[in-house]
Amino acid sequence: MERITALQQGLLAPATPAATATTDPTAFASTLQDASATATGTTAGALGATATAATATAATPGQRALQFAQAEVGQAEQPPGSNDSPRIAEYRTATAGSGIGPWCSYFVSWAAKQAGAPLGEAGQGFGAVGAVASWAQRTGRWNPAASGTPPQAGDLIVWGGQHIGIVESVDADGKIHTVEGNSSNMVTRRTHDASGDGATGYVRLG
């Protein structure tokens, strides 16, 4: 009988929970939230990388050239007025036979080359603005300003044989935003009226 009583007492005694089975609801919720945030961040990062890759693939040569030009905004002559600096020397490498001098055309030649759409029949680039316009006219890339057809982001904007830049955007009211090399001795952003402040034409890179 004593044996039976002992067994009954053992069965009825409350079980002591194992330490490893104890769960803090707050800690569990925190762990779940951290895991969820990590997973979300990883997914968002993957989607962002995919979107960036898709955008790069879809971009036109002109849009790619614009991206390179935008990254150079603020690069300046050293010293001012010298038409030179280590970075401007890099722009000149995109043009055959280049030398220190006005560099707006060197700049767009460099941006176009970086984008995989070098200027010139042989990809030689141009140091003279007029040479860019002549090449564009020969190859069907020229959009005269007189046509009234507005430029697109990534088009080169030409002012006779004097100056050249790259169109960044066009507002609904026609204002043209540009990135230009050799403007106030540096690569800078400018805003022009719907006529491009007297632009003679635009060059479509592709």
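Predicted model: local features only at pLDDT ≥ 70, side-chain atom pairs only at ≥ 80, totals over all residues.
Two rings of Phe, Tyr or Trp (its six-membered ring) pair if their centres lie within 6.5 Å; planes under 30 degrees apart count as stacked, over 60 as edge-to-face and the rest as tilted. Take Tyr91 and Trp110: their ring centres sit 5.2 Å apart with the planes at 55 degrees, so this pair is tilted. Tyr91 belongs to helix α4 (residues 86-92) and Trp110 to helix α5 (residues 104-114), so the pair ties together parts that are 19 residues apart in sequence. Helices here are DSSP runs (H or I, at least four residues), numbered from the N terminus.

How covered are these two? Tyr91 has 0% relative accessibility and counts as buried, and Trp110 is buried too, at 4%. Buried means under 20% relative accessible area, with a 1.4 Å probe and protein chains only. Another tilted pair joins Phe126 and Trp135, with 6.0 Å from centre to centre and 45 degrees between the planes; both residues are buried.

Back to Tyr91 and Trp110: they share one aromatic cluster with Phe68, Trp103 and Phe107. Helix α5 itself is mostly covered, with nine of its eleven residues buried. Among them are Tyr106, Phe107, Val108 and Trp110. After α5 comes Gly116, with a positive phi near 85 degrees.

A note on the numbers: residues count from 1 along each chain as its sequence is written, and side-chain values use heavy atoms, without hydrogens or water. Local features need pLDDT of at least 70 and side-chain atom pairs count only at pLDDT 80 or more, while totals for chains, interfaces and linings use all residues.

Definitions and conventions. Helix = DSSP H or I, 4+ residues; strand = E, 2+ residues; numbered from the N terminus. Buried < 20%, exposed > 50% of the residue type's maximum accessible area, 1.4 Å probe, protein only.
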